[in-house]
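Subject: Structure handover

Hello,

Here is the structure for you to look over. My notes follow below it.

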Amino acid sequence: MNKIFAIPSAIFIACATMLVAPATAAPPAGTQLSGAIFTSDVTGTPVNLNVYDAKEDVYLNGGPGINAPDDAAGLPAGTYSFQVTDPSGKVLLSSDPVACRQFTVNASGVIQDTSPSGACAHATGLDGEDGGATVQLFPYADTPNNGGVYKVWVTPTDRLDCSDRGSKNCFVPRYSKVDNYKVLSDMIVEIDVRFWKDGVAMDGYAATWTDTNGAHNVKFSEWNPAVLAFHEAHFEATEQGTHSIRVASQPGCTIVSVQAPDGSAAKVKGTTSDVAVTVADHADGNHTYWVDVTCK
């Protein structure tokens, strides 16, 4: 059984006057969080290809996900912590104590506020679409990644566990949502998932990404030319290494076949398919790894 605790003692010392809001309704051990996170500007508007002009421009957003169907779940209500790291998760870039990097999610599954962090809470904005809060990720250091990639992690505060052998700065990948983004880097490296039915690409269908650390997130296929989304579920700024994309049959899409980025047919087991996507170390040029799902 994992030893779980709310906040490491060193963090209490660093920020002793602002302690933690009631624990989140974390999922049972071994299960993944529902919902999704993504980065946006202060108004909740997605930024083209998750590429930002400055570190201060990046805000955390949460909910059922961009272009999700009406019945899609948001994050479970409760208290969460976040961190910014390099893509590997080994280098912590966030420069303030994790006690200052907390927020709450309300019963609607969207970010409510940063009240658990008290006086050292991060700045917030207002999402014009769902009325939730956006949370500024800054302050954090420059990424050592040559491609300019950053990774934001979100996990229930009561799932922080520095004793877990696989944890990244006390964030356990299997309990974490992640999203990658870039600052001042024009190179596009992404995994895009398309859902096809009778030769037509469909919007509002979910794909689950598991990154190279074992953390995950959900995105939905969408038509949004402003962010160069043309009926795809975008997983942007993906780091070098092997990722996994899981797709499943959903209302309106019973999976018939799945094509991996190398053109091979991925195995479909029952109603799901897990596709391994190996991202190379790209030094220049744009690279999209396509996963195509055929539905009936």
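What follows covers the strands, the cores and the aromatic rings.

This is a predicted model: local features need pLDDT of at least 70, side-chain atom pairs count only at pLDDT 80 or more, and totals for chains, interfaces and linings use all residues. Residues are numbered from 1 along each chain as its sequence is written, and side-chain values use heavy atoms, leaving out hydrogens and water.

Strands first. They are DSSP runs of E, at least two residues, numbered from the N terminus; two of them pair if DSSP finds at least two bridges between them. S17 (residues 241-248) runs antiparallel to S13 (residues 206-210), with 3 bridges. Antiparallel pairing of S17 with S20 (residues 272-279) takes 8 bridges. Arg246 is opposite Asp274 in S20.

Next, the cores. A nonpolar core is a set of buried Ala, Val, Leu, Ile, Met, Phe, Trp, Tyr and Cys residues joined through side-chain atoms within 4.5 Å. Buried means under 20% relative accessible area (1.4 Å probe, protein chains only). The largest core has 31 residues; Val193, Phe195, Ile245 and Val247 touch the most other members. A second, separate core holds 23 residues, including Tyr52 and Leu93.

Now the rings. Phe, Tyr and Trp rings (six-membered ring for Trp) pair if their centres lie within 6.5 Å; planes under 30 degrees apart are stacked, over 60 edge-to-face, the rest tilted. There are 10 such pairs. Tyr52 and Tyr181 are edge-to-face, at 5.9 Å and 85 degrees. They sit 129 residues apart in the chain. Tyr181 is buried, at 0%. Ring pairs join Tyr52, Phe138, Tyr140, Tyr150 and Tyr181 in a cluster.

Best wishes

Conventions
Helix = DSSP H or I, 4+ residues; strand = E, 2+ residues; numbered from the N terminus. Buried < 20%, exposed > 50% of the residue type's maximum accessible area, 1.4 Å probe, protein only.
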